[in-house]
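Good morning, colleagues. Please have the sequence and the structure open before you while I speak.

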There are 2 protein chains.
Amino acid sequence: MLDAWSNLSRRLSELDALAGTSGLLEWDQQTGMPPGGAASRGQQAAVIGSLMHERFTAPEVGQWLGALEQSPLDAVQAAAVRKQRRNYRRATMLPTRLVEDLAIARSEGFSAWMKAREADDFGPFEKPLQRLIGLSREAAERTAGPQTAHLYDELLEEYDPGSRVAELAPMFTRLSAGLGELLAAVERRGAQAGPQAVELELDDAGVRTLSRRVIRDLGFDLSRGRLDLSEHPFTCGLSVDDVRLTMKLNRKNPLGALAGTIHECGHGMYEQGLPKHLSGTGLDKAAGMGLHESQSRFWENFIGRSLPFCAYLLPRMQGIWPDLALTPAQLFASQNRIERSLIRVHADEATYNLHIVVRFELEVAMLEGRLQAADLPAAWDAAYEKHLGVRAPSARQGVLQDIHWSSGLLGYFPSYTIGNLYAASLGACVQQEIPDLWGQVARGEFGPVLAWLREKIHQHGHTTDAPEIFKAAVGDRDPVADLLDHLWSRQGRLYGVER
Amino acid sequence: MLDAWSNLSRRLSELDALAGTSGLLEWDQQTGMPPGGAASRGQQAAVIGSLMHERFTAPEVGQWLGALEQSPLDAVQAAAVRKQRRNYRRATMLPTRLVEDLAIARSEGFSAWMKAREADDFGPFEKPLQRLIGLSREAAERTAGPQTAHLYDELLEEYDPGSRVAELAPMFTRLSAGLGELLAAVERRGAQAGPQAVELELDDAGVRTLSRRVIRDLGFDLSRGRLDLSEHPFTCGLSVDDVRLTMKLNRKNPLGALAGTIHECGHGMYEQGLPKHLSGTGLDKAAGMGLHESQSRFWENFIGRSLPFCAYLLPRMQGIWPDLALTPAQLFASQNRIERSLIRVHADEATYNLHIVVRFELEVAMLEGRLQAADLPAAWDAAYEKHLGVRAPSARQGVLQDIHWSSGLLGYFPSYTIGNLYAASLGACVQQEIPDLWGQVARGEFGPVLAWLREKIHQHGHTTDAPEIFKAAVGDRDPVADLLDHLWSRQGRLYGVER
């Protein structure tokens, strides 16, 4: 037993090292790799990826797990064995043929999607998408066990272990209805009653300085991480002590760039707060994409778009741009406008979730076989009409806007709204538990909030699934109610509307 | 046979990808890794290193080589199989116990060396060094075959395949004698007759701009490489299309920093010129450290310290620093002073080789058992008296100055002077074959020289060993005579002395 545990632990540490290495290959590719390096980088990433698969799915790993399952284990070991058994089962259950077919379908899907976008025509993407859905369904059927209530749960398991359609679907329905009420109320007031956008154009060097200042103030440890530039902002934890954030500069929208950086910083502080003492158990990891997203959204939206945060931020901005004539209230108003829109990635804090509800409904229908790829564009438009009340004038602004499906990422979208829901309840809780929260935020004292998240979320790593960590953190709260309360209280008040 | 070849080729490509990955881990650690990342980076590098060893020394590799050795092969395949058999034999011949002992001895040797330097006392380093020498000797004895003329050849094989003590020793002896004559002649003229040092203090941003300009002009392809900052300048080829150079800024010695960058650029252009079409054969590699060093020294010294290069450089410098009042001749004089000195890494182009001759003699004596670590300090002083006519006032400025021995790098030092010797003959040749060479250099037209090196050196990769590539490039030249001629002609003229 001792041997099996130390062998498993050694293998998991090796896989961590490979994952960190793979992360560095990716980080470098996005930040500084010379263009000529693309082909060799692809080979390097493929070799590391296939070694990781090979080392994890090796027969001896199954034997160690089997031996450990017959042995007395402490709580950490038992959790580790449960998690790895689950991963091992999923990783070894797909026949090589299916894995290869999926890889090809993803690559073809991506090319077809690019072509379809170029032509602004869904046509070329239809068949590749249908194929991807078919293969995803086959994979889900193969990994499904007797406890699987819905095939889509198998997709969720990949990104958000422990999330279930049976729980998500009713929450998303209530959320959509509630957001519809808020939007309707806001629109009854008329556009002129709403907050005004502040349009700033700030120099890149200043925005970089400000961004570094802000993430340091929030609590991102720059001795255990970096902030660089990339085309698409992302966070990459090479290890708990080496976490890389990136940001994208945008002269015309510096506040948007800063919000993106705060978002990544939320991801990064989660990575930096994971339980280092659990290294070698596989439990020192984020508990899923939804919980990860809750950390980025909490900082970006709940803290970063609050009036007290604007009061903290403005003097720091004026330290760099002394001529900036703005009030915290103007900044706050500009950051919290809401409106029906077509493009998910540009949507505001409230309506963003409606874009996710659309995608979730369509994905479930496609996986169940109720919706064929050929009928997707019409279904897309109908769903947008239903949830958002808008209709895309083109495929590019509609069904072709996201990369996810083209790369076979089915089951990923819900994470974003799961994150917003978790973040809302965490926000409601932290407001109760830290009475001076907003005073602290206005003074730039973010330590107590971060410490609260460290204790409630970060330190637990993946010792249990996210839904349990969340429940232990906030108790029996209703995250849909918390999110709607938050939005009515912040955006509703700003627009002068009440429930 | 076909199977064995394609299996071998696939494995070699996989090893290339791992080597490039390992290079990126190292590059990142030296350039931008946050300090917190050190421990996990060590694990990442160790895992990749051990996977490389495991994948290369696997029994199937030996079987593929065996099958191929029984099969009809084309010239490239035959060269590839020869090279890999040699590497495989060396990599599989050392018992695990010896490999582990060596790793421990290196780590202990490094710590002891640090401690000894700190205390400026050779004592703490004596026993660990003796152990390292003993283990290196044991390793050399194990890899030695019937064709091994001298045990030290087995060490050379590691860094400079094809180099032999029997050829190096007499060359080094002649070189030391010839350099002694040059130094004596210069000193007879008296110090006041010599060229004057130009002392510049230039801003870092300008030096970075100039460095990028210069390496681009020389022919380094920045779409297939980068230039970054690090504490110790180095070059790292992640692949032929992704070559990373680094430089170290030094406000007080900007010309030294630039010379270092040109040196690394020489390494980098060699890496960028390796034969891409031989990928998957293991022959698309540098043919050894000596030949690599010939490329860096050729550009740093032969081109980079020439009067025409100074004439090219000065206007580019004045473009950045318009007030720079200097002539090319002053720059040239300052860059070509020679003097006896104690520290290898600060030595000039001529006397540098004497530092290497000292180390080579001591290494051979230690490996033969004629010299014990306990007697090394005295032997060091005696050798410095003999070859350089100076005596270190402290261990730190003497026998403890280099990191190499502490890390078990025995047999590496000769590469530096092998590089200088090769570079001298390449320089003599290129001067004959490109009659307008110096006119081109003065005009900043480096393309023809680079093309010449690409044809004579780079494109051959490691299809044969460096001594053969060198001979094919320059014919029956005597590199010792070429180096001495070059120095008498450049430095001798500058000091107003003749042979």
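In chain A, helix H5 (residues 96-119) and helix H6 (residues 123-143) have axes that come within 9 Å and cross at roughly 150 degrees. This is a predicted model, in which local features need pLDDT of at least 70, side-chain atom pairs count only at pLDDT 80 or more, and totals for chains, interfaces and linings use all residues. Residues are numbered from 1 along each chain as its sequence is written, chains are lettered from A and ligands numbered from 1 in the order in which they are written, and side-chain values use heavy atoms, with hydrogens and water left out.

Some terms are needed here. Helices (H or I, at least four residues) and strands (E, at least two) are DSSP runs, numbered from the N terminus. Axes are lines fitted to C-alpha atoms, for helices over the stretch in contact, with angles from 0 to 180 degrees between N-to-C directions.

H5(A) and H6(A) are therefore roughly antiparallel to each other (under 35 degrees counts as roughly parallel, over 145 as roughly antiparallel, 65 to 115 as roughly perpendicular and the rest as oblique). The contact (heavy atoms within 4.5 Å) includes A:Leu98, A:Leu102 and A:Trp113 of H5(A), and A:Phe125, A:Leu132 and A:Leu135 of H6(A).

Let us turn to the sheet of chain A. Which order do its strands take? The order is S1-S3-S2, in an open sheet of 3 strands with mixed pairing; two strands pair if DSSP finds at least two bridges between them. Strands S1 (225-229) and S2 (235-239) stand at the edges, each with a single partner strand, so one side of each is left without a neighbour in the sheet. On average, neighbouring strands are turned by 20 degrees against each other, direction ignored. S1(A) pairs with strand S3 (residues 242-247) in the parallel sense over 5 bridges; A:Gly225 has A:Val243 as its bridge partner in S3(A). Helix H10 (residues 254-272) of chain A lies across S1, S2 and S3, running at about 170 degrees to S3(A).

Next, the interface. Here 34 residues of chain B are in contact with 34 residues of chain A. Together the two chains bury about 2,400 Å², 62% of it on carbon and sulfur atoms; buried area is the accessible area (1.4 Å probe) that two parts lose on being put together, summed over both. Which residues of chain B lose the most area to chain A? They are B:Leu24, B:Pro34 and B:Gln44, together 19% of what that side buries.
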